[in-house]
Amino acid sequence: MIAPAGIRTRVPVPLRFGDGFTTPAEIVTFTGLADGKEHLAIGLGDVTGVDVPLVRVHSECMTGDVFGSARCDCGPQLREAVERIAEHGGWLLYLRQEGRGIGLYAKLDAYALQDTGLDTYAANRALGHADDERDYTAAAQMLAALGAPRVDLLTNNPDKAAQLRDLGVDVRVLARTGVHATEANLRYLHAKVERTGHTIDLTPAA
Ligand SMILES: Nc1nc2c(ncn2[C@@H]2O[C@H](COP(=O)(O)OP(=O)(O)OP(=O)(O)O)[C@@H](O)[C@H]2O)c(=O)[nH]1
Ligand SMILES: [Zn+2]
């Protein structure tokens, strides 16, 4: 049983993206989150009217989400998730778990190591970290506080779904994100598929 979290503030924030996409949104903040971090929930579309909300649990990636780094697929996944959730109705949880939980500076250290030949997971270990240090307790607390115990989850990461289920979230459907492959992130995407079973179809188009 996870400890209950409370809602601190709900505030409307219209979103406007560089490519012209706009949508109304509501940003929600919380009290009592397990790790004490400032995680956000973004309500999109008809959140109250939908039977089962579409939810993306997105891990912070400053380089990809903010600066458009092509070394990963986080920025396009975030943009895609906002639009798909706005169409369906649901929540985007923006979790402050930069670098799969190791932090921004350590992620950049890991990038430097990857440029010497290590893959993304081996680079974490060379720095004394686990492959993935994320914990989704706060996400489960947020969903409970939002009154969303049952969700359709937008992810390619089976471990994310398994952890949420273990925390009591009823994950009904696993919806894959699109494939956002570039020359710069292909090695990273292959490592995710081969090492952690992400469901990303990297078969070259015929
Ligand atoms: N340590 C480390 N973190 C990275 C690296 N590249 C991206 N990240 C972080 O990885 C997190 C995103 O995780 P991913 O493994 O790309 O995707 P996921 O969240 O597991 O799965 P999806 O739900 O399918 O997106 C973000 O916090 C990024 O900052 C890297 O090379 N090293
Ligand atoms: Zn990223």
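**The annotated span and its surroundings**

Guide: The end C-alpha atoms of residues 25-171 lie 23 Å apart, and the span is 38% helix and 21% strand. Please note that the model is predicted.

Visitor: Which UniProt annotation covers residues 25-171?

Guide: The span has 38% of its residues in helix and 21% in strand. An unreviewed UniProt entry assigns a name to residues 25-171. According to that record, the annotation reads "domain: GTP cyclohydrolase II".

Visitor: How does the radius of gyration of the protein compare with what the globule rule gives?

Guide: The protein has seven helices and nine strands. For 206 residues the globule rule gives 17 Å, and the protein is close to that value, so it is as compact as a globular protein of that length. The radius of gyration of the protein is 17 Å.

Visitor: What share of the contacts in the protein with a separation of 6 or more comes from residues 24 or more positions apart?

Guide: The C-alpha atoms fill a box of roughly 50 × 40 × 30 Å along the principal axes, and 34% of the 206 residues count as buried. Among contacts with a separation of 6 or more, the share from residues 24 or more positions apart is 62%.

Visitor: Which helix supplies the largest share of the shell around ligand 1?

Guide: The ligand is surrounded by 23 residues, and the closest are Ser 59, Cys 61, Thr 155, Asn 156 and Asn 157. By class, six are nonpolar, eleven polar and six charged. Helix H2 (74-88), helix H3 (104-114) and helix H4 (120-126) each supply at least two residues of this shell. The largest share, three residues, comes from H3.

Visitor: Over how many bridges do E8 and strand E9 pair?

Guide: Strand E8 (residues 150-154) also pairs with strand E6 (residues 54-59), in the parallel sense over two bridges, and Val 55 stands opposite Leu 153 in E8. On the E9 side (residues 170-175), Leu 154 stands opposite Ala 175. The pairing of E8 and E9 is parallel, and the number of bridges is five.

Visitor: Does Arg 100 count as buried or exposed?

Guide: Arg 100 lies in the loop between strand E7 (90-95) and H3. Most residues other than glycine have a negative phi, whereas phi of Arg 100 is near 55°, a positive value. The cut-off for burial is 20 or more other C-beta atoms within 10 Å. Because Arg 100 has 21 C-beta neighbours inside 10 Å, it counts as buried.

Definitions and conventions
Residues are numbered from 1 along each chain as its sequence is written. Chains are lettered from A and ligands numbered from 1 in the order in which they are written. This is a predicted model: local features need pLDDT of at least 70, side-chain atom pairs count only at pLDDT 80 or more; totals for chains, interfaces and linings use all residues. Helices (H or I, at least four residues) and strands (E, at least two) are DSSP runs, numbered from the N terminus. The radius of gyration is taken over C-alpha atoms; the globule rule is 2.2 Å times the number of residues to the power 0.38. A residue is buried if 20 or more other C-beta atoms lie within 10 Å of its own, exposed if 12 or fewer, and partly exposed in between; C-beta atoms are placed from the backbone. Two residues are in contact if their C-beta atoms, placed from the backbone, lie within 7 Å. A residue is near a molecule or strand if its C-beta atom, placed from the backbone, lies within 6 Å of it. Ala, Val, Leu, Ile, Met, Phe, Trp, Tyr, Cys and Pro count as nonpolar, Asp, Glu, Lys and Arg as charged, and the others, Gly among them, as polar. UniProt positions are given in the numbering used here, feature names are shortened, and annotations may be inferred rather than shown by experiment. Two strands pair if DSSP finds at least two bridges between them.
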